[in-house]
Amino acid sequence: MLRLSKKYVISDVGLRKICISMDIPLPRAGHWMKLQVGKAVAQPKLSANYSGKTEVKLELREEGKEYYTGKHADIKKIKDDIVKYVGDIIDIPDRLNTKEPLILAAKASLAKKNTNWNYKGIIHTEVNVLDIKVSEVNVKRALIFMDCFIKILRLRGHDIQVQFRDTYAIIDNERVKICCREKCKSVKITDSRWDSRELHATGVLSFKCGTYDAKEWVDGKKLIEEQIPDIIAKMELRIKELHKSQEETRIYFAKLKAEEDRIKEIELNKERELEKFKALLKESKRWKNVKLLREYIDYLEQKNKKGKLSEDEFLKWLKWAKKKADWYDPHIEEFDDLLCDVDRNTLLNKKQKNY
């Protein structure tokens, strides 16, 4: 994989992913070492069931030419785009010549030489001003750097915001915390009573973005002024990755909710179906009871089984019984003043409390 990645414009990881996606067997650990010492190795055959694409085009590497793959290619593309469109701003000036209010406010604040007790030689800006902490000799450098950074950031369609003690770059509606610092080193201070440590300025400037997963750029082979395109490119890419991750999360939870809603709907339909069946069963039982009831009434009427009742009382009772059968019949359910609060299925008073 490594040898092939050096021959073609692809990383060994990218090549491995292609092989896995195309169901191509890969050498196991120790495969090439066994071949070198003459040991036999098993070579699996290609899958007979594979039905995907069967061709991959790879570009040969040209000697002396730099190639970028994956995330590095994305960063390179953004950096090239920045260099192409921002023009002369990339060339850092020797003098601070700006009308930017944020830079002028930071310059005025640093002129007051606000210091921190445990940072020797470091001065910092006040609240609601750009977050800058540097030694007095690096004030000019830090201001020129931040001025160029803000100009390029805005040319890229972004903005900057200061809120109390924090400074934020606004990229695609996302806030990224930023600050310009001078690196410090810990120096041991020997005292007659006890030893202590102080942080002393080193002259090395750094630029940091982010909070928990902060990324830092430091003076090295390139000064941070020369790294501005790289800084902005990586910040933009990080926001793109964040948005991509957020969209994937949104889609995942949308699918999860859709599945939950589907299951809930199924359960609700089951409950509705069961309630309908119970209602049908109750009606059938009532119908059966009504049928039995009518047969009994007819029998009494035909056989004139009036018992101790007179003829008029018996006829009145028959009328009453037939009316009650009509009230109880699930297909008639005639209104009855005295039984209006009675549940026909349970024959219990609806207003009666069940203990």
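Buried, here, means under 20% relative accessible area. Keep that cut-off in mind as we walk through the aromatic rings of this predicted model. With 2% relative accessibility, Phe314 falls below the cut-off, so Phe314 counts as buried. Trp317 has a relative accessible area of 29%, so this residue ends up as partly exposed.

Two rings are described by how far apart their centres are and by the angle of their planes. On that basis, the model holds eight aromatic pairs. Take Phe149 and Phe207: their centres are 4.9 Å apart and their planes make an angle of 50 degrees, which puts the pair in the tilted class. Phe149 belongs to helix 6 (residues 139–155) while Phe207 sits in strand 7 (residues 196–209), so this contact ties together parts that are 58 residues apart in sequence. Both Phe149 and Phe207 are buried.

Now back to Phe314 and Trp317. This pair is stacked, at 6.3 Å centre to centre with 15 degrees between the planes. Both residues are in helix 8 (residues 311–328), three residues apart, or about one turn of the helix.

Elsewhere, look for Arg286, which lies over the face of Tyr328 at 5.6 Å from the ring centre.

Terms used. Residues numbered from 1 in each chain as written. Predicted model: local features only at pLDDT ≥ 70, side-chain atom pairs only at ≥ 80, totals over all residues. Heavy atoms only, no water. Phe/Tyr/Trp six-rings, centres within 6.5 Å; stacked < 30°, edge-to-face > 60°. Helix = DSSP H or I, 4+ residues; strand = E, 2+ residues; numbered from the N terminus. Buried < 20%, exposed > 50% of the residue type's maximum accessible area, 1.4 Å probe, protein only. Lys NZ or Arg CZ within 6 Å of the ring centre and 35° of its normal.
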